[in-house]
Amino acid sequence: MTQTAISCSAMRGGTSKGLVFLADDLPGDRASRDAVLLAAMGSPDPREIDGMGGSHPLTSKVAVVSQSPRDNADVEYLFLQVWPDRAEVSDSQNCGNMLAAVGPFAIERGLVGARDGVTPVRIWMQNTETLAIASVQTPDGLVRYDGGARIDGVPGTHAPIPIEFADTAGSSCGALLPTGRVVDVIEGSRVTCIDNGMPVVCLTASDFGLSGQESPASLEGNLSLTKQVEALRLAAGPMMNLGDVTNSTVPKMSLLSPPAHGGAVSTRTFIPHRVHEAIGVFGAVSVATACVLPGSVAHAVADLSGAPSGSAEGPAAGPAAGSGEGSAGGPASASVDVEVEHPTGFFTVTLQVEARDGGISVRKSALLRTARLLMRGEVMVPSSVWTQGAAL
Ligand code: NQM
């Protein structure tokens with residue numbers, strides 16, 4: 001035998017794509033696991049021609065799923081970014097797009113029993129140690145992939161997978177505002193460093209001589225810009241409690257400008273070297289949160305006048321209006337839909353936030369994704385990399 005066959009599924013999750021494994025099907029030790037994943041994806045090679053990777057960070061992803069020992073979760077999800085062109089596998093960030101594939105996979109692989117109708121899957125996200133609840137369509141107890149939900153960045157319509165989060169604020173950096181300030185001046189630019197599930201540095205596009213409507217390709221091709229953005233990222237990393245981020249996929253750098261298509265804010269996001277064709281899930285949640293944060297650079301360019309506010313609880317209007325200290329009833333809590341514009345459309349984030357001490361406290365966020373099982377079978381890796389059951 002010259003190759004080892006490893007059971008896995010190829011899945012699209014949101015606007016990302018990758019391989020999804022049961023943890024038990026991969027080597028237990030990290031070095032062997034990473035060697036297997038690099039071989040499975042064909043990394044390092046910019047084209048990943050000898051493996052399943054799609055030669056872009058958004059299509060070179062891995063989700064590892066297992067039964068959860070926790071009372072509040074059904075399954076555990078570990079996200080691993082396989083760099084296409086470097087022999088590196090990173091768990092330094094979470095991915096809310098591949099997350100959308102985890103619920104259907106967990107049901108398909110028997111980790112969660114399907115209900116007749118909709119099956120809620122409680123997913124413990126190991127990268128950030130936070131919980132997500134994904135609602136998967138399961139009429140007659142079978143995962144349904146077709147349906148009427150559209151997400152920008154994916155052709156056609158599919159079955160909706162609404163996902164809810166609590167406690168994502170500060171999950172990577174220790175605090176929603178990791179530097180302790182709403183605005184910092186880094187490398188001469190006013191920025192807002194924020195982490196509501198993803199460390200993001202919010203930048204104002206006009207500070208860089210940009211309209212904010214440039215295409216991802218033109219931004220990637222603008223070498224003086226990419227140098228400037230990377231210098232800022234390297235300086236922001238330690239300030240955001242992320243240490244030296246030279247080889248890390250975080251923080252993401254999001255260039256913000258006023259909305260151009262009726263949304264709340266326009267974005268172009270470096271993730272961190274390629275520019276996203278859309279925007280990451282937690283990246284969008286973090287940018288949306290910055291938009292409702294009075295004083296932030298995002299708040300300064302955002303237009304929330306059209307943002308529908310649902311279920312206000314407590315006194316006064318939403319925190320976007322800067323109000324809400326209110327009355328004896330305690331801080332205002334409101335749900336607001338923030339339409340984040342990106343290069344291929346919109347990403348709607350529903351935030352439940354309350355105004356607190358002049359800032360905000362995030363209670364919950366919610367959004368819609370879709371996913372699809374593309375292939376199930378076995379991925380082949382050379383036996384020189386791993387002989388199942390035998391350590392390297
Ligand atoms: O922010 C891209 C993606 C992501 C990650 C990235 C993601 C997220 O679009 O939660 O989903 O920012 O690296 O999949």
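A disulfide is a pair of cysteine sulfur atoms within 2.5 Å. Keep that cut-off in mind as we walk through this structure, which is a predicted model. By that rule, the structure holds zero disulfides. Let's look at two of the cysteines to see how this comes about. The sulfur of Cys-173 has its closest cysteine sulfur in Cys-193, but the two are 8.5 Å apart, so they are too far from each other for a bond. Cys-193, in turn, takes part in no disulfide either: its nearest cysteine sulfur belongs to Cys-202 and sits 8.3 Å away. Where do these side chains lie, buried or exposed? Cys-173 is buried, with a relative accessible area of 5%, and Cys-193 is buried too, at 0%.

Now step back and take in the whole chain. The protein is divided into two domains. Domain 1 is made of residues 3–160 together with 371–391, while domain 2 covers 184–369. Where the domains meet, 27 residues from domain 1 and 21 residues from domain 2 take part in the contact.

What does this meeting place look like in terms of area? Domain 1 and domain 2 bury about 1800 Å² between them, and 59% of that area is on carbon and sulfur atoms. Sorted by class, the side of domain 1 that touches domain 2 has eleven nonpolar, 13 polar and three charged residues.

How many salt bridges cross the interface of domain 1 and domain 2? The rule finds zero. Polar contacts do cross the interface, though: six residue pairs, with both partners at pLDDT 80 or more, are in polar contact there.

Salt bridges do turn up when the search is widened. Side chains of opposite charge can pair when their charged atoms come close. Across the whole structure, the search finds twelve salt bridges. One of them joins Asp-34 and Arg-33, with 2.9 Å from N to O. Both partners of this pair are buried: Asp-34 has a relative accessible area of 13%, and Arg-33 has one of 12%. Another salt bridge links Arg-376 with Glu-108, and here the closest N and O atoms are 3.5 Å apart.

Technical notes: Residues numbered from 1 in each chain as written. Predicted model: local features only at pLDDT ≥ 70, side-chain atom pairs only at ≥ 80, totals over all residues. Heavy atoms only, no water. Domains from an automatic or database assignment. Contact = heavy atoms within 4.5 Å. Buried area = accessible area lost by both parts, 1.4 Å probe. Salt bridge = Lys/Arg side-chain N within 4 Å of Asp/Glu carboxyl O. Polar contact = N/O pair within 3.5 Å; in protein donor to acceptor, adjacent residues only side chain to side chain. Nonpolar A, V, L, I, M, F, W, Y, C, P; charged D, E, K, R; others polar. Buried < 20%, exposed > 50% of the residue type's maximum accessible area, 1.4 Å probe, protein only.
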